[in-house]
Amino acid sequence: MSAPSLQRRAYRLIILLGLVSLFGDISYEGVRGVTGPYLALLGASAVAVGLVAGLGEFAGYALRTASGYLADRLRLHWLLTVVGYGLIATLPLLALVHRWELAAALIVLERLGKALRTPSRDAILSHAASQVGRGKGFGIHEALDQLGALIGPVIFAVALTFDGEAGYRLGFGLLTIPAILAIVILVLAWRQEPEPESLESVTPRVNRPTEASGSRRLSGPFWRYTLFTALTTLGFVPFALLSYHVEQTGRFSPPLIPLLYAVAMGVDGGIALIAGWGYDRFGLRTLAAVPICIALGTAAALQSTTGFIITGVVVWGIAMGLVETTMRAAVGELSAPSARGLAYGVFNTVFGTAWLAGGAVLGYLYEQLGSRGTIGATLVLEIAALLLFWGLGVARAHASYRAQSVS
């Protein structure tokens, strides 16, 4: 099959998966911003809200290695992706429950769906992106994904103009439409491209390792890269902590704080295409910007003046765009096609565990030492990450590994 035909197929699959993520994000990003207040409205304590949030995020990341391995072993990438997205349908059901325990179960169940779908979806996406440039492919996907992250909270903001539970229930009910659209488009993509690995295996252009096609061994450069990612993520202050600080400063009224998150998501989506181009052109050297952006964004956002806070949120969004695009794209080049699901599962599990651990530690430091202590810890971790990046030769190892595709 000719290269232009393969590229058309690849772009079609990337766009379809991007639309799936767009509608999926409308559903679950719309809910994420209101789960705490809604659980409290149903009678949950602050401890219960924190436990549900932590359990959901942990489940959403910790099980990804297992789901990725299962997808590779049994060749179930499409099935696990469909089942995972299907569990988004639990979120509209929140409109029907009246006990916080049932609401919590539905929220955690959707996060389990994310653990099922993410490694398989990213593996499928990496096969298609090998035809057009992995940075570009993941950049297009991330841009569409973040568009959904913007639309979801807006839908809920409109629904919450109704008072009390009625507004919440209307918002959850409206999410039924994008949840259904996500599944319909995903099944269409599956039918049109049932064997996405063929997009990668039939062309000598792809960036793939020289291991035997049946190998499920993860490479040394992959582990170096994952170690750098873990250390970087430990110092990445979660937006929940940033928004908590912003509320404490009193510089923004409560309705304006979600708009700051929308700004960050908009910057994330906007930077994704630029980040993807930079990755395809310069490789992992572009990732040196991530620790720098995290450090600068945190230092600015945790100040007490409006200008610094807005600047910090924008830089935080840039860092997130780099992470969601370049970091995901690199996994596809640092793993054999037969181990792609496992690679994304391991990577996401490490990333999620580091994110949760870092958030907990940085939150504790903020409570004990204030914003200055948190900024100091972030600076130390991100400087250490940069030293590790150059000391382990992460970019050089990636460049050498990537060059095997043309040798």
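Q: Is Arg75 buried or exposed, and what is its relative accessible area?
A: Arg75 is exposed, because its relative accessible area is 59% (buried is under 20%, exposed over 50% and partly exposed in between, with a 1.4 Å probe and protein chains only). This is a predicted model, in which local features need pLDDT of at least 70 and side-chain atom pairs count only at pLDDT 80 or more, while totals for chains, interfaces and linings use all residues. Residues are numbered from 1 along each chain as its sequence is written, and side-chain values use heavy atoms, leaving out hydrogens and water.

Q: Which residue does Arg75 meet in a salt bridge, and where do the two residues lie?
A: A salt bridge is a side-chain nitrogen of Lys or Arg within 4 Å of a carboxyl oxygen of Asp or Glu. Here the side chain of Arg75 pairs with that of Glu197 at 2.6 Å, N to O. Arg75 lies in the loop between helix H4 (64-74) and H5, and Glu197 in the loop between H9 and helix H10 (198-201), so the pair ties together parts that are 122 residues apart in sequence (helices are DSSP runs of H or I, at least four residues, and strands runs of E, at least two, numbered from the N terminus). Glu197 is partly exposed, with a relative accessible area of 24%.

Q: Is Glu200, which meets Arg134 in a salt bridge, buried or exposed?
A: Glu200 counts as buried at 1% relative accessibility, and Arg134 counts as buried at 1%. Their side chains meet at 3.1 Å, N to O. Because Glu200 lies in helix H10 and Arg134 in helix H7 (residues 134-159), the pair ties together parts that are 66 residues apart in sequence.
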